[in-house]
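Here are my notes for you to read with the model open. Take them one point at a time and find each part as you go.

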Amino acid sequence: MKEMIEQRRKRAKAIKEYGTLRKAVEAGALEQFQDVSLSEAVVLGLVNQEVRTFVGIFGHGMTDVGEALRIYEEEDVIKTYNVRNEVEASHIASMLRWKYNQVSAVFTSIGPGGMQATAGSLVPLANGLGIYYLMGDETSQSEGPNMQQIPRREQELFLKVLSTLGPAYSLHTPEAIFTALKRGDATVNGKEKRSPFYMLLPMNIQPKVMIGCNLLEFPEKSPESKVISIDQETYNEAVNAICSASRITVKTGGGAANIDGKVLEEFLELTDAAYVHGPQVPGIYPYSKERNMSVGGSKGSICGNYAMNECDLIIALGARGVCQWDCSGTAFRKAKKMININCDYDDLGQYNNSVRIQGDAQEVLIKLNELLRGNLNSDPEWIKGCVQKKEEWEAYKKLRYDQPVLEDPKRKKKILTEPAAIKIACDFAAEHECIKIFDAGDVQANGFQIVTDEKPGYTISDSGSSYMGFAVSSTLAFAIAGNKDYPMAFTGDGSFMMNPQILIDAVQHGLKGMILLFDNRRMGAITSLQNAQYSIEYKTDDQVVVDYVQMAEAVQGVKGFYSGETPEEMKEALAKAYKYDGLSLIHIPVHYGDDELSGLGTFGDWNVGNWCERVQKMKHEIGF
């Protein structure tokens with residue numbers, strides 16, 4: 001054992017110094033063929049692909065991998081962060097990739113831990129984020145039912161479950177690690193739409209040693225590459241469609257998040273198009289620009305939905321066509337054609353009657369810009385009409401911001417409305433260049449209607465899977481990344497209670513950030529939907545009073561604040577919370593009631609509940 005640990009330390013030191021195993025071997029620091037256990041091979045292989053961060057929870061199904069991680073951390077090669085929930089670990093890894101393009105690995109034990117992490121992996125699956133998942137699994141010799149395996153007498157049931165979600169691999173044999181790492185790299189780094197890669201490690205295989213393991217067989221990280229179609233006929237068809245249209249709307253999805261704003265702006269001007277964005281990507285094109293019609297969709301804006309409903313050509317950039325993004329297929333009701341630009345061909349196939357250009361959004365727009373210069377054909381009334389709708393939207397919001405407090409039926413006193421409170425917080429975030437992260441529910445929905453970012457990367461919203469608890473959990477990624485940015489998690493009382501363990505982990509790992517807890521003591525988004533569809537609420541309300549300030553301060557190192565009941569009091573609380581050197585939480589009671597000024601409303605269709613028949617009928621009539 002002592003000799004094995006010494007050899008591990010030698011390998012760890014070498015890869016730290018040289019960066020990759022190939023460079024270490026070529027420099028003579030390591031012999032090419034060595035005896036390496038599977039557990040160390042997993043760690044060594046991931047480090048060779050530049051994975052340096054491991055987040056998760058140890059259990060009896062992951063002890064041997066944990067021992068390998070221990071040695072590599074002692075040699076300052078990797079950092080391991082133990083947290084208190086596997087879902088939380090997944091959210092942290094998602095944010096590291098989302099905000100900082102940092103690939104990390106989530107580790108869990110066998111059984112329930114793996115299932116928790118799998119549930120959390122819906123976020124990277126929905127948002128195209130590459131992450132490694134390392135999960136303990138039942139022993140390969142099937143000597144009897146393993147505790148915490150899926151209790152059926154079948155082989156590799158976890159592999160079956162995970163393979164349904166995405167690429168997965170069971171390390172049934174130590175020497176299979178090389179294939180697993182190649183497939184993992186292609187999934188996490190190389191695909192046009194990245195994805196989690198699930199790696200299952202049977203407990204009895206983890207400590208097995210590969211005699212004479214070839215260190216040069218470990219794959220390195222694939223370089224980033226961009227897909228772009230070179231079919232000139234497709235580009236010509238797109239240009240003809242643009243030149244034949246007079247009311248053009250461009251709408252971006254999450255796949256266009258990294259597009260250069262100048263390239264997009266030139267394209268909008270050349271096509272004389274209105275611009276609408278999905279909730280994931282505000283700020284790519286500044287909100288203050290005349291063409292920016294804000295967010296569109298089921299919970300869109302007046303102007304954003306107008307631009308989608310009235311255009312005769314829709315140009316979609318990097319979108320999956322999620323139900324709320326395009327109002328369940330009914331948003332483009334007057335469009336005669338679509339130009340769909342996407343790296344993923346399955347997403348290109350989402351719509352009929354479309355010119356499909358496969359490729360990176362920016363690279364495709366650069367090519368289209370070259371072809372479009374001097375070919376403008378537009379209706380001067382189009383942008384004018386959109387601007388009028390934007391003015392209507394601004395007046396609509398201002399009416400609510402100007403009435404920031406209302407009498408709350410449940411609390412029997414005047415308190416802040418949710419739109420007013422979110423607007424105050426967004427203004428504060430803009431002033432201090434904080435990163436806004438929105439949780440699921442009505443906080444998220446009102447939030448992306450309110451956000452008016454001028455630059456990209458300042459708002460992150462998991463609208464792909466709408467995972468309750470994502471915002472608060474993911475803030476820990478900012479501590480792991482070195483507290484370079486200040487996160488503000490916008491969460492509801494329901495979402496917060498899904499993942500409150502961040503209060504402990506924030507102190508453990510030195511997070512500096514803020515949780516804004518908007519408390520309407522109900523599942524506000526669903527209550528609103530029930531009232532809109534059936535004119536009555538059912539089981540989405542609660543009568544429990546919670547002192548969230550006291551809850552926060554029960555954790556030594558967390559500071560709690562009460563927002564008060566006026567804009568002035570909330571601004572004062574924000575200033576105090578921001579100055580705190582650690583995690584702060586502001587409890588913000590918000591109004592819920594029938595007064596229309598209490599919320600921002602809904603301006604799009606959605607295939608849900610008793611609306612389904614009408615929306616489906618409309619979708620088939622439109623034919624996209």
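**Notes on the model**

1. There is one cavity of 30 Å³ or more. Here a cavity is a set of points on a 1 Å grid over the protein atoms alone where a 1.4 Å probe fits but cannot get out, with points joined across faces, edges and corners and volume being the space filled by probe spheres set on them. This is a predicted model, where local features need pLDDT of at least 70 and side-chain atom pairs pLDDT 80 or more, while totals for chains, interfaces and linings use all residues. Residues are numbered from 1 along each chain as its sequence is written, and side-chain values use heavy atoms, without hydrogens or water.

2. What lines the largest cavity? Look for Asp408, Lys410, Arg411, Asn520, Arg522, Val590 and Tyr592, each with an atom within 4 Å of a point. The space inside is about 30 Å³.

3. Among the residues in contact (heavy atoms within 4.5 Å) are Tyr235 of α10 and Leu368 of α14.

4. Six strands (DSSP runs of E, at least two residues) form an open sheet in the order β3-β2-β4-β5-β7-β6, with parallel pairing, meaning at least two DSSP bridges between partners. The edges are β3 (79-82) and β6 (168-170).

5. Inside that order, β5 (132-137) and β7 (197-202) pair over six bridges. Tyr133 has Tyr198 in β7 as its bridge partner.

Terms used: On a 1 Å grid over the protein atoms alone, a cavity is a set of points where a 1.4 Å probe fits but cannot get out, and a pocket is an open set with protein on both sides within 12 Å along at least five of seven lines; lining residues have an atom within 4 Å of a point. Helices (H or I, at least four residues) and strands (E, at least two) are DSSP runs, numbered from the N terminus.
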